[in-house]
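Please look at the sequence and the model, then read the notes below.

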Amino acid sequence: MIGLILAINMALVVGGRIPATYYGALNATIGEFEILRKEVALVTPYDEDYQAAKQNFDPTWSYINPLLIIYCRNTLQVSVALNFTTQHQNEICVRSGGHSNTGVSLCTGVVIDVSNLKTIAYDGTQFTITLGAGVNFGELVKFLNTTKRLAPIGGCPTVSVTGFTLGGGYGQLARRHGMGCDSLLAATMVTAKGTTVIANAVTNSDLLWALKGAGNGNFGIVTEIVMNTYHWPNDTVGYQILWSLKEEGVAVLLAWQKLCANSTEGLQLTISPPLDGSPIPGPLLVLQALTFTNTTEESVINEFLKIGTPSVTRKYFEPGNLDFDYLGYGQNIPQEAREFKMSGYVNVGLDKGQIEAIVQFFLDRPSTYNNLYLEAYGGDINKFASNATSFCHRSELYNLVIESFWINEDERKAALSWISDYYSLLLPMLSDQAYQNYPFFQISNYTRAYFGDNYSKLRAIKSKWDPPSGKYPDGFFHARQGIKPARGN
Ligand SMILES: Cc1cc2nc3c(=O)[nH]c(=O)nc-3n(C[C@H](O)[C@H](O)[C@H](O)COP(=O)(O)OP(=O)(O)OC[C@H]3O[C@@H](n4cnc5c(N)ncnc54)[C@H](O)[C@@H]3O)c2cc1C
């Protein structure tokens, strides 16, 4: 009831005058607020565009009502925003692409939004790209097409490249070129004090190490990243191979897992609802690969084609012609659907009985909109030691992710109960680690799961770059499941 009254009051004042109490909630005077407004773009709950401005990718989080959203266009503006929020002791959160699985880029305090930092440049002598924090994968792929170079690419066009990279960054080229963070050469970051720092292999290398896997919302606001790019072979080819999960799922999964375990090869597998226009009735098992012709990887794919009666699409991507529609998972999930996912790593191959149980549980799903996907590790991901970067998951076979979507309340209950039961079934099959870019609050011991043995070093780096102070015992950047500073002992 109170929520309803608040909502009606809010609706009445939208587009109207900001009440004096609003500034009190910000701990600022009208004068201070107006000075800020001259320097950065602001959206308050009293502005017409507030509802749109607070919308993240997943509508699950639309109940979170920020006090203020500050849109920055460059590093200097981020510094202005941080000076304001630290001076007035506001709670803050940081948003680039708005794809957080736990909604932590929204908060009831101040959202500092860097999605308008869209600069993008290619250095043809060093073969590097420099990207503003707001550049997303749709924009990156378009740009890479002009440079005819490849770079780490995630599966969704609207995820921010920076948000992806700071939490690791898995994509279809990960086994070939490592996680996104392995291609991160340098970052520009603004600290809570508004100071701009550069982190690279020579300067502030401790910070660069930390940003490679633990950079999301922990140390400061990253405004720009520099990434390696890679040669784009003429024979780049994308595969999409579909099987019926019910008829051929167990055989394909067993073969896929064996290839992950016994060789450096391994390809991404997705179990998904029927795709639009799919020649095979769902649920489907989809094998996707971005590879190069006449490589061992392609010979592995040929082995898969011998299993059952798959439907195969093969598409060449000559340099400069990458197609995002192919890179995505091709799901037909309604845009208004809300999402929940849980995941964990598998580091010891599962037996036939376990695979059968996984397939059967999926087949018994309560609604159409569910996915299970298996992201193969190994290759260049696992060539690094687990302490080479703060991203520590370097000896896993694959990441197993379950995902459910819903639209109405009844579907929500069924989806959450299904996914939680599924996770209970899977838990004994998983290692004690989980991928921090797919976070969920129900995980036990998140520090161990996301950061492994790197956590104590991360705590020391946190103390240096975002130390505890007065109102902020966990540092100014202290989102749930964040890194806690070392306490000096
Ligand atoms: C549909 C979908 C597809 C995805 N596909 C992939 C995939 O293929 N591979 C993969 O590895 N991951 C994938 N992810 C996960 C994604 O990489 C993470 O959720 C990532 O953190 C999103 O970054 P963002 O900036 O878009 O999200 P946001 O919600 O804006 O931010 C996510 C987190 O990063 C922090 N953050 C954001 N920007 C900054 C910044 N500039 N400086 C410091 N902290 C910051 C936020 O505070 C928050 O904690 C996917 C997620 C979704 C929802």
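A residue counts as buried if 20 or more other C-beta atoms lie within 10 Å of its own, as exposed if 12 or fewer do, and as partly exposed in between, with the C-beta atoms placed from the backbone. With 14 C-beta neighbours inside 10 Å, lysine 148 counts as partly exposed. The model is predicted: local features need pLDDT of at least 70, side-chain atom pairs count only at pLDDT 80 or more, and totals for chains, interfaces and linings use all residues. Residues are numbered from 1 along each chain as its sequence is written.

**Confidence**

- The pLDDT, which is the predictor's confidence in each residue on a scale from 0 to 100, averages 90 over the chain, and 91% of the residues score at least 70.
- Residues 1-15 have a pLDDT below 50, and beyond near neighbours in sequence this stretch has six contacts in the model.
- Two residues are in contact if their C-beta atoms, placed from the backbone, lie within 7 Å.

**Domains 2 and 3**

- The domain assignment gives domain 1 (2-113), domain 2 (120-232) and domain 3 (236-447); such bounds come from an automatic or database domain assignment.
- The C-alpha centres of domain 2 and domain 3 lie 24 Å apart.
- Between these two domains, 29 residues of domain 2 are in contact with 27 residues of domain 3.
- On the side of domain 2 that touches domain 3, the elements giving two or more residues are helix H6 (137-147), helix H8 (174-177) and helix H9 (205-214).
- Helices (H or I, at least four residues) and strands (E, at least two) are DSSP runs, numbered from the N terminus.
- H9 provides the largest share of that side of domain 2, five residues.
- The residues on the side of domain 2 that touches domain 3 divide into 15 nonpolar, nine polar and five charged.
- In this division, Ala, Val, Leu, Ile, Met, Phe, Trp, Tyr, Cys and Pro count as nonpolar, Asp, Glu, Lys and Arg as charged, and the others, Gly among them, as polar.

**Surroundings of the ligand**

- The ligand is surrounded by 35 residues, of which the closest are Ser96, Gly97, Ser100, Ser105 and Gly163; a residue is near a molecule if its C-beta atom, placed from the backbone, lies within 6 Å of it.
- Strand E3 (92-95), helix H7 (161-166) and strand E10 (221-228) are the elements that give two or more residues to this shell.
- H7 gives the most to the shell around the ligand, with four residues.
- Domain 1 (2-113) and domain 2 (120-232) each supply at least three residues of the shell.
- By type, the residues of the shell are 14 nonpolar, 20 polar and one charged.

**Helix H6 and the residue after it**

- Phe137, Leu140 and Leu144 are buried in H6.
- Seen down the axis of H6, these buried residues fall within an arc of 55°, so they line one face of the helix; the arc is that of the directions from the helix axis to the C-beta atoms.
- An α-helix has 3.6 residues a turn, so residues three or four places apart point the same way.
- The cover over the buried residues of H6 includes E6, E7 and H7.
- H6 is followed by lysine 148, whose phi is positive, near 60°.
- Lysine 148 is placed in the loop between H6 and strand E7 (149-150).

**Helix H11**

- Glu297, Ile301 and Phe304 are the buried residues of helix H11 (residues 296-305).
- They cover an arc of only 50° around the axis, which puts them on the same side of H11.
- The face of H11 turned away from its buried side carries the exposed residues Thr296, Ser299, Asn302 and Glu303.

**Single residues**

- Phenylalanine 127 has a phi near 60°, a positive value in a residue other than glycine.
- The place of phenylalanine 127 is the loop between strand E5 (120-123) and strand E6 (128-132), and this residue is partly exposed, with 14 other C-beta atoms within 10 Å.
- Leucine 397 is found in the loop between strand E17 (370-376) and strand E18 (398-406), where it is buried, with 21 other C-beta atoms within 10 Å.
- Lysine 457 belongs to helix H16 (residues 455-465) and is partly exposed, with 17 other C-beta atoms within 10 Å.
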